[in-house]
Amino acid sequence: MPVAPGRPRPSAAPAPLWRRLAAPAGALVAVAGAFAYVGAVDPNQPGHYPVCPLYALTGLYCPGCGGLRSAHAFVHGDLLGALRDNAFGVVAYAVFAVLWTVWAVRAARGKPLRIDVAPAVLWVGGGALLAFTVVRNLPFGGWLHP
């Protein structure tokens, strides 16, 4: 049916709630499954996970080194242990939780996920990650070693 000029087009019916929440729910299930696996299979026991290639080749800690141990401690409720193993990882868990919540709420309301991050925020985040990586590999950064 043609629409008269100047009149808004009738919008299609919104997708059902279960369909709108399918992607956020799928992402949550995948992340929860990964955390459950790391919580069940202790990365502190050798032979379960591969060694970081950067650490194996150079002896330097990458920003992700200690991430599995951090996730294991986090799953078991040991927040201080998780921070000790990889503090940046714990920050990433919190950022993921916030972003996932925003995504799920917007999806439930039928709105697309739209996250506008200022370039300055990205530069600060990248700089913090770089600083974390450098400091944890310096002699006085031993408190950041996994």
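Residues are numbered from 1 along each chain as its sequence is written. In this predicted model local features need pLDDT of at least 70, side-chain atom pairs count only at pLDDT 80 or more, totals for chains, interfaces and linings use all residues, and side-chain values use heavy atoms, with hydrogens and water left out.

Reader: How are H2 and H4 oriented to each other?
Author: Helices are DSSP runs of H or I, at least four residues, numbered from the N terminus. The axes, lines fitted to C-alpha atoms over the stretch in contact, with angles from 0 to 180 degrees between N-to-C directions, come within 8 Å and cross at roughly 90° for H2 (residues 22–40) and H4 (residues 67–75). Angles of 65 to 115 degrees count as roughly perpendicular, and H2 and H4 are therefore roughly perpendicular.

Reader: Which residues of H4 make the contact with H2?
Author: Contact means heavy atoms within 4.5 Å. On the H2 side the contact is made by Phe35, Val38 and Gly39. On the H4 side the residues are Leu68, Ala71, His72, Phe74 and Val75.

Reader: Which helices do the buried residues of H4 pack against?
Author: Buried means under 20% relative accessible area with a 1.4 Å probe, protein chains only. In H4 the buried residues are Gly67, Ser70, Ala71, His72 and Ala73. They pack against H2, helix H5 (79–85) and helix H6 (87–108).

Reader: Which helix gives the most to the lining of the largest pocket?
Author: Helix H3 (53–58) and H4 each supply at least two residues of that lining. The one giving the most, with 3 residues, is H4.

Terms used. Parallel < 35°, antiparallel > 145°, perpendicular 65-115°, else oblique. Buried < 20%, exposed > 50% of the residue type's maximum accessible area, 1.4 Å probe, protein only.
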